[in-house]
Amino acid sequence: MLHKHLDYYLRYLDRDIPAGLVVFLVALPLCLGIAVASGAPPFSGVIAGVIGGLVVAVGSGSQLSVSGPAAGLTVIVAVAVQKLGFDGMLLAVALSGLIQIAMGFARAGVIGAYFPSAVIKGMLAAIGLILIMKQLPHAVGYAVDATDQAPETETDLSFLEGEDSHAAALSFLDTAFHSISPGATLVALVSIGVLLFWETSRIKKNRILSLVPGPLVVVIFGVLFNFVAQKALPALAIPAQHLVELPVIWGPMAFAQQLSLPDFHKLTDMHIYVTAGTIALVGSLETLLSLEAADKLDPMKRTAPTNRELKAQGLGNFISGMIGGLPITAVIVRSSANINAGAHTKVAAIVHGVLLLLSVMFLASILNLIPLSCLAAVLLLTGYKLAKPKLIMEQYEKGFDQFAPFAVTIAAILMTDLLDGMAIGMAVGIFFVLRGNYHAAFSLTRDGSNYLLRLQKDVSFLNKGPLRDILDTIEPGSSLVIDGTRATFIDHDIMETIDDFVKAADDDNIRVELKNMRGLASEKQLELVPA
């Protein structure tokens with residue numbers, strides 16, 4: 001059996017190795033950028049990418065899904081770093097992995113089906129907006145004074161904390177725009193233009209250029225621009241504090257010395273467990289949604305087991321948190337790049353993990369030449385894609401019951417935090433689901449003095465009030481047929497309400513006929529006979 005599996009993976013190396021290289025080129029800028037956006041060291045983003053390729057890919061049942069640090073968790077991680085410290089955040093990530101493993105064994109892989117899509121889309125749109133707000137200072141090269149905190153911690157989410165977070169955010173952005181670096185701003189603007197151009201049909205139809213990831217082009221441009229500026233145009237040179245800062249190491253031993261351990265003394269802090277639960281829930285949702293999308297893109301239409309995926313993600317997050325990495329999820333951007341590059345098996349994702357590991361072990365000095373404004377441009381476009389106006393219009397056109405939970409989720413997350421905002425969005429989403437079922441439980445049709453009351457699907461005690469209102473509209477001297485053929489369940493309270501109406505119907509000379517009503521309530525169902 002082992003030989004058979006090995007033969008299967010070796011058969012497609014000619015497709016999987018080039019695809020792994022493409023995914024590596026896409027993932028490297030994102031790993032660095034997401035770490036910076038999260039207020040964490042860039043090294044931690046690469047660590048998460050390595051674990052996503054070498055641990056999660058091996059344990060996953062998906063052949064094409066690629067995992068790593070995700071933009072969807074930047075808000076949670078940034079707040080965790082500020083409240084708990086970096087080592088406290090690592091502990092929360094490790095614990096979130098254990099929670100995900102438990103979820104996998106509890107067969108919670110269907111959890112994504114219980115969250116309304118409007119709420120999930122609202123969450124992603126809110127994350128997109130926050131991502132844009134967070135990356136604007138990096139895009140313009142916001143200069144932090146020497147007396148301020150380091151850019152990794154001060155320029156990310158601190159302006160979203162506190163009671164008057166909106167005023168703080170506006171004040172922060174205003175200060176940032178008055179402290180811009182011309183070189184960084186120029187690099188960001190050109191990078192955004194390049195990324196947009198790289199998504200046009202002219203590039204996609206070109207056999208050679210279509211294989212080159214846009215983020216890689218942007219990174220190369222940023223490095224070359226800054227090199228030329230330092231030599232010929234010092235006024236446009238980007239200061240060192242606005243470049244990537246990876247520890248310069250060489251070889252496995254130096255790599256191992258850079259790994260960070262979580263602070264186990266913070267196990268008594270309840271905020272650790274709240275953060276861990278939030279990372280586990282949101283990360284699992286993003287993973288399951290990305291997994292479903294990857295399955296739909298798979299040319300061979302393979303379906304990955306969701307519970308096994310949760311276990312693999314849990315193991316990856318536990319290891320990532322234990323050695324200094326960011327939380328991990330399956331990421332549709334990398335997965336789609338993997339599929340488009342012609343990957344056939346999980347070997348491509350493993351190759352991408354190996355290349356990430358080798359790059360941070362031996363190429364850190366080169367990676368440190370990358371301007372943060374390049375990464376900001378990549379993430380600004382990512383944020384725009386999550387919150388683009390077209391998405392908002394699509395939700396609006398679906399009707400108020402879809403748009404309201406979507407809009408409320410966005411507003412709630414922006415005004416509170418991700419966990420509270422999701423809870424508020426879920427409450428609104430559930431309200432509209434109940435309201436929809438509330439009105440769709442039965443229908444009344446009238447033809448002269450003849451009425452037909454049809455009970456639809458499940459009719460619960462929540463529908464007792466509307467049922468009484470409908471029965472009150474039946475005029476004296478009429479005939480009423482109550483048809484339960486379409487109902488799969490009729491609550492005892494509903495049966496009792498109908499029974500009370502039947503008993504009182506003679507007083508108003510109303511003839512009632514019951515059709516297929518027996519056996520649908522509890523064993524204590526009241527006897528109902530035609531009046």
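This is a predicted model: local features need pLDDT of at least 70, side-chain atom pairs count only at pLDDT 80 or more; totals for chains, interfaces and linings use all residues.
Figure 1. The cut-off behind both assignments is a relative accessible area under 20%. The count of disulfides in the model is zero, where a disulfide would need a pair of cysteine sulfur atoms within 2.5 Å.

Figure 2. Asn338 is part of helix H15, which covers residues 332-340. Its relative accessibility is 0%, so Asn338 counts as buried. A polar atom of the Asn338 side chain lies 3.0 Å from the backbone oxygen of Leu64. This distance falls under the limit for a polar contact, which is a pair of N or O atoms within 3.5 Å. Apart from neighbours within four places in sequence, the residues in contact with Asn338 are Ala19, Val23, Leu64, Val66, Ala343 and Ala348.

Figure 3. Helix H4 spans residues 74-84, and nine of its 11 residues are buried, so the helix is largely enclosed by the rest of the structure. The buried residues are Thr74, Val75, Ile76, Val77, Ala78, Val79, Ala80, Val81 and Leu84. After H4 comes Gly85, which has a positive phi near 85 degrees.

**Figure 4. A nonpolar patch on the surface.** Four residues, Leu6, Leu10, Leu13 and Ile17, form this patch, and together they have about 340 Å² of accessible area. Helix H1 (2-11) and helix H2 (13-37) are the elements that each give two or more residues to the patch. Leu10 belongs to helix H1. With a relative accessibility of 47%, Leu10 counts as partly exposed. Membership of a patch requires over 30% relative accessible area.

**Figure 5. Two residues other than glycine with positive phi.** Most residues other than glycine have a negative phi. Arg107 has a positive phi of about 60 degrees although it is not a glycine. Arg107 sits in the loop that links helix H5 (86-105) to helix H6 (117-139). Its relative accessibility is 62%, and Arg107 therefore counts as exposed. In Asn509, phi is also positive, near 55 degrees. The position of Asn509 is in the loop between helix H23 (492-505) and strand E8 (511-515). Asn509 is exposed, because its relative accessible area is 59% and the exposed class begins over 50%.

**Figure 6. The whole chain, for placing the close-up views.** The chain contains 23 helices and eight strands. Of its 531 residues, 50% are buried. Its accessible surface comes to about 24,600 Å², and carbon and sulfur atoms account for 64% of this area. Among contacts between residues at least 6 apart in sequence, 81% join residues at least 24 apart.

How values were computed
Residues are numbered from 1 along each chain as its sequence is written. Side-chain values use heavy atoms; hydrogens and water are left out. Patches are made of residues with over 30% relative accessible area and no salt bridge: like charges are joined within 9 Å, nonpolar side chains (Val, Leu, Ile, Met, Phe, Trp, Tyr) within 5 Å. Accessible areas come from the Shrake-Rupley method with a 1.4 Å probe; for residues, only the protein chains shown count as cover. A salt bridge is a side-chain nitrogen of Lys or Arg within 4 Å of a carboxyl oxygen of Asp or Glu. Helices (H or I, at least four residues) and strands (E, at least two) are DSSP runs, numbered from the N terminus. Buried means under 20% relative accessible area, exposed over 50%, partly exposed in between (1.4 Å probe, protein chains only). A polar contact is a pair of N or O atoms within 3.5 Å; within protein, one must be able to donate a hydrogen and the other to accept it, and residues adjacent in sequence count only if both atoms are side-chain atoms. Contact means heavy atoms within 4.5 Å.
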